[in-house]
Amino acid sequence: EYVEMIKPLWETRMLTNMGKYHQDLEARLKEYLGVEYVSLTANGHLALELAIQSMKFPEGSEVITTPYTFVSTTHAIMRNHLKPVFCDIQEDYTIDVTKIEELITEKTVAIVPVHVYGNICNVEEIERIAYKHGLKVIYDAAHAFGERYNDKGVGEFGDMSIFSFHATKVFHTIEGGAVCCHLKEQYEHL
């Protein structure tokens with residue numbers, strides 16, 4: 001069945017990069033996740049690295065995140081020449097929102113919270129803090145595909161959210177990832 005399904009790929013000679021299946025998956029993900037724009041990537045790490053890069057933060061800026069995550073989250077921050085600032089977690093393994101503000105400095109530009117094991121971060125409080133301090137929020141939602149909160153898909157929160165479609169995730173394409181965003185300019189940049 002699989003060989004028959006992918007047979008048209010060989011005939012079009014378009015195996016990657018915006019082919020029919022690529023476009024179909026983006027469209028179906030937009031509908032399922034309830035987001036304006038989805039940009040597919042080779043993996044979840046690249047999704048996060050590109051999402052951060054697209055924000056064009058000044059080199060050396062600080063990004064608040066959690067140490068309770070796969071090393072890729074920190075690596076994506078550092079690959080963008082930014083400094084990760086670690087915030088403790090709470091009982092559900094997500095970032096402890098009561099400790100974020102004490103970590104904010106004049107160099108802080110963003111918060112990268114991580115939804116863990118399907119547990120959604122306290123999105124209301126993170127949004128309040130980010131708005132108050134003029135910070136961007138990019139969610140690492142690699143563990144939260146399909147999760148909803150208050151009738152909203154998890155990809156709708158923050159300035160951007162990223163997903164991993166690695167074989168170890170609930171929804172996978174063997175390997176792959178995606179960035180969800182709200183602005184056409186962000187999508188086009190990605």
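**Notes on the predicted chain**

1. Along the principal axes, the C-alpha trace spans about 55 × 35 × 25 Å.

2. A word on the basis: this is a predicted model, in which local features need pLDDT of at least 70 and side-chain atom pairs count only at pLDDT 80 or more, while totals for chains, interfaces and linings use all residues. Residues are numbered from 1 along each chain as its sequence is written, and side-chain values use heavy atoms, with hydrogens and water left out.

3. The secondary structure comes to six helices and nine strands. Both are DSSP runs numbered from the N terminus, with helices being H or I of at least four residues and strands E of at least two. Among contacts (heavy atoms within 4.5 Å) between residues at least 6 apart in sequence, 59% join residues at least 24 apart.

4. On burial and surface, 45% of the 190 residues are buried; buried means under 20% relative accessible area, exposed over 50% and partly exposed in between, with a 1.4 Å probe and protein chains only. The accessible surface comes to about 10700 Å², of which 53% belongs to carbon and sulfur atoms. These areas come from the Shrake-Rupley method with a 1.4 Å probe, and for residues only the protein chains shown count as cover.

5. Two backbone angles are for your attention. K56 is not a glycine, yet its phi is positive, at about 55 degrees. K56 sits in the loop between α3 (44-54) and β2 (62-65), and K56 counts as exposed because its relative accessible area is 61%. H81, also a residue other than glycine, has a positive phi near 60 degrees and lies in the loop between α4 (71-79) and β3 (83-86).

6. N80 is found in the loop between α4 and β3. Is N80 buried or exposed? N80 counts as buried, because its relative accessibility is 13%. Leaving aside residues up to four places away in sequence, N80 touches E49, I52 and Q53. The side chain of N80 also reaches the backbone nitrogen of Q53 at 3.5 Å.

Methods
A polar contact is a pair of N or O atoms within 3.5 Å; within protein, one must be able to donate a hydrogen and the other to accept it, and residues adjacent in sequence count only if both atoms are side-chain atoms.
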